[in-house]
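Please look over the sequence and the model shown here.

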Amino acid sequence: MNPNTTNSSAPKKLIVFLDCGDTIIDEGTEIRDDHDIVIQANVIPGADVMVKTLAERGYTLAIVADGNAQSFKNILTQNGLYDYFTTMVYSETVKASKPSPRMFKAAIGALDLSEQDCYRIVMVGNNLSRDVKGANQMGITSVFLSWTPRYPKLHADESEIPQYTISHPLELIELVEQLNDKLA
């Protein structure tokens, strides 16, 4: 095998679940309408490149986020990222919020996976008590993006300890490649 083809777009075994606010989109830039729907927001520096690179390398990407579906559609479309995701699971439609297993199970089901596939899923998020705790409860690899100043960076208990911590979205690309290689 040619060593230069390791980043090809062939489908990868590892599945990537991503939170949206302060993981892809900078919550500090959100503009909301009278119905509390986000109508405009900017990406975190490097998050757009991270999403596009992972998708181009053949990773299945899913949004698993708390909030209103229309908010995410608005900001992901506006930033040219909407079409990179195979599925999107929102607390509004699931009628639960992370860390509820229902959020993660909905994404697993939407991708035609089962809970036996949790070992090959990573959940990337900015919130220890929601993203990390929820992933850990499901046996999903947890990745904490510590970029934001808006949320605690210290875990409240052992259920909130992430398996990996990154400080910038672009760091996720190499981590995902390493985790995928371990599955091969």
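The buried residues of H5 are covered by, among others, helix H4 (101-110), S6 and strand S7 (141-145). Helices (H or I, at least four residues) and strands (E, at least two) are DSSP runs, numbered from the N terminus. This is a predicted model: local features need pLDDT of at least 70 and side-chain atom pairs count only at pLDDT 80 or more, while totals for chains, interfaces and linings use all residues. Residues are numbered from 1 along each chain as its sequence is written, and side-chain values use heavy atoms, with hydrogens and water left out.

Within H5, the buried residues are Leu128, Asp131, Val132, Gly134, Ala135 and Met138. Buried means under 20% relative accessible area, exposed over 50% and partly exposed in between (1.4 Å probe, protein chains only). In an α-helix there are 3.6 residues a turn, so residues three or four places apart point the same way. Just after H5, Gly139 has a positive phi of about 80°.

Asn127 counts as buried because its relative accessibility is 8%. Leaving out residues up to four places away in sequence, Asn127 touches Val132, Phe144 and Tyr151, where contact means heavy atoms within 4.5 Å. The Asn127 side chain also reaches the backbone nitrogen of Arg130 at 3.0 Å.

Two cysteines are buried as well: Cys20 at 0% relative accessibility and Cys118 at 3%. With a disulfide defined as a pair of cysteine sulfur atoms within 2.5 Å, the count is 0.

Technical notes. A polar contact is a pair of N or O atoms within 3.5 Å; within protein, one must be able to donate a hydrogen and the other to accept it, and residues adjacent in sequence count only if both atoms are side-chain atoms.
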